[in-house]
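The sequence and the model come first.

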Amino acid sequence: MRVVIAGGGYAGLTAAIYLRRHTPQSHVILIDPKPFFLKKTYLHKTVHLPLSYFCLPYAEIARKFGFLFFKEEIDLRADKMEYILEKNSIPLSFGELSFDFLVLTTGSKPYLPFPVEGQRFVTLREVENGNISTIIKSLLPGSVITLIGGGATSLQFLGELLFVYGKKFHYRLISDQDQLLYPLPDFFHTYAQAFLEKNSVEYLMASKVTRVQDKRIWVTNQRDSEIKVHDSDLTLIFTGLKAHPKCFEADVFGRLLYNKKFYPHIFVAGDCSLYPGGNNTLSAQAAVRKGKKVAQNIMHHMRGEKLEPYTYEELGYFVSLGFLQAVGYLFDKRFFLSGPLAYFIKEIAEAQFDLFLKGWDVFIT
Ligand SMILES: Cc1cc2nc3c(=O)[nH]c(=O)nc-3n(C[C@H](O)[C@H](O)[C@H](O)COP(=O)(O)OP(=O)(O)OC[C@H]3O[C@@H](n4cnc5c(N)ncnc54)[C@H](O)[C@@H]3O)c2cc1C
């Protein structure tokens, strides 16, 4: 049986490794346009560490676990998707690749809700290209760094910047929400706000950015509709992620529902998928669990067994705010943790995937 996996992020790699481990007779092919797996959950650390620290060549992982890797981008635009679903075959640069099972794990891309022009901004796209540390090192002391977005990505980058560069720069954080880290419980906001105050970060809440052009940012205060233009030497735009190329709907077993049709041999997992139950957040922990469930269900399908529904619920959530600083909860949202303990729990949670790539499956569920 040939299983083709489109996208080698947390979901795709989990599915590929799990399938090879538990069905040695299966023929697994992973396809990704990049030559290496990028540990996205560590991206904020590229503020001061080289991107290469967080990359692992697919060729190496494929050799270790016994699957094939093709460096290709699969065209998943609507007409091409129809062809793939109808023919059970994917057109690639070297010819057609047929499959018995297909797993779509193409992840997410940064979402930019306003026009952006010029050279003085960075999105996750530039971060993924490894450019951020060079850009920051080129800034003069006293430069203004603006972070747009009050979510986990913005705060993790800010925490890392403060840890490495201290007060060398002036930091500004703009969020269109009243609360930081919305919709997480209130204590995330309270802790993060105190962290901003302690570090003299200029915080504009309920403020909607409408345009970024070179060193200027247009901001509308959502309370009084006043528009202000702020100067910024570097703007980091972390306004969220959206499923790429689209959000694929699935049934409770992870099987694709596309244009009102159901495909029992095509599965979806990770940030690009929406299941009717369980945790659907755009997170590595959900991506890993969906990838594992999909692999298990492909194995059940091969053996003619009953499939298992995806029911994973988040075990916890942690946001780091620089070295030894973090906030989060474990198992129960009423018990919040902060400081070095929260930081270590987050590090351990992330190390689980590193161990998985070394051959140990230490995930709790
Ligand atoms: C800075 C940052 C910090 C984060 N921290 C955490 C955290 O602490 N905890 C947590 O749980 N989550 C965290 N996340 C979220 C987490 O990284 C994502 O939810 C996770 O990467 C999703 O995994 P995925 O496999 O669905 O997609 P991705 O990891 O995005 O992988 C998708 C893969 O598909 C490939 N692809 C795309 N299109 C195609 C195509 N057409 N053909 C073939 N391949 C294709 C891409 O190249 C990519 O390799 C963080 C994200 C960021 C950006």
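## Helix 1

Helix 1 is for the most part covered, with 10 of its 13 residues buried, where a residue is buried if 20 or more other C-beta atoms lie within 10 Å of its own, exposed if 12 or fewer, and partly exposed in between, the C-beta atoms being placed from the backbone. Those buried residues are Tyr-10, Ala-11, Gly-12, Leu-13, Thr-14, Ala-15, Ala-16, Ile-17, Tyr-18 and Leu-19. Helices (H or I, at least four residues) and strands (E, at least two) are DSSP runs, numbered from the N terminus.

This is a predicted model, in which local features need pLDDT of at least 70 and side-chain atom pairs count only at pLDDT 80 or more, while totals for chains, interfaces and linings use all residues. Residues are numbered from 1 along each chain as its sequence is written. The length of helix 1 (residues 10–22) agrees with expectation, because its 13 residues at 1.5 Å a residue should span 18 Å and its end C-alpha atoms are 18 Å apart; the expected span is 1.5 Å times one less than the number of residues.

## Overall fold

The protein has nine helices and 26 strands, and its C-alpha trace spans about 60 × 40 × 40 Å along the principal axes. Its radius of gyration is 21 Å, which agrees with the value near 21 Å that a compact globule of 365 residues would have; the radius is taken over C-alpha atoms, and the globule rule is 2.2 Å times the number of residues to the power 0.38.

Buried residues make up 38% of the 365 residues. Of the contacts in the protein with a separation of 6 or more, 66% are between residues 24 or more positions apart, two residues being in contact if their C-beta atoms, placed from the backbone, lie within 7 Å.

## Domains and their contact

The protein is divided into domain 1 (2–109 + 242–314), domain 2 (112–239) and domain 3 (318–365), with bounds that come from an automatic or database domain assignment. The centres of domain 1 and domain 3, taken over C-alpha atoms, are separated by 24 Å.

Across the boundary between these two domains, 10 residues of domain 1 are in contact with six residues of domain 3. On the side of domain 1 that touches domain 3, helix 1 and helix 8 each supply at least two residues, and the largest share, three residues, comes from helix 8. By class, this side of domain 1 has eight nonpolar, one polar and one charged residues, where Ala, Val, Leu, Ile, Met, Phe, Trp, Tyr, Cys and Pro count as nonpolar, Asp, Glu, Lys and Arg as charged, and the others, Gly among them, as polar.

## The shell around the ligand

The ligand is surrounded by 33 residues, of which the closest are Gly-7, Gly-9, Gly-107, Gly-270 and Ser-283; a residue is near a molecule if its C-beta atom, placed from the backbone, lies within 6 Å of it. The elements that give two or more residues to this shell are helix 1, strand 2 (27–32), helix 6 (152–165) and helix 8 (284–303).

The shell draws at least three residues from each of domain 1 and domain 2, and its residues divide into 12 nonpolar, 16 polar and five charged.

## Backbone exceptions

Most residues other than glycine have a negative phi, and most peptide bonds are trans. A cis peptide bond joins Tyr-182 and Pro-183, with omega about 5°, and Pro-183 is placed in the loop between strand 13 (170–174) and helix 7 (186–198). The bond from His-244 to Pro-245 is also cis, with omega near -5°, and Pro-245 lies in the loop between strand 19 (241–243) and strand 20 (248–250).

Ser-200, although not a glycine, has a positive phi of about 55°; it is found in the loop between helix 7 and strand 14 and counts as exposed because it has 10 C-beta neighbours inside 10 Å. Asp-214, likewise not a glycine, has a positive phi of about 45° and lies in the loop between strand 15 and strand 16, where its 14 C-beta neighbours inside 10 Å make it partly exposed.
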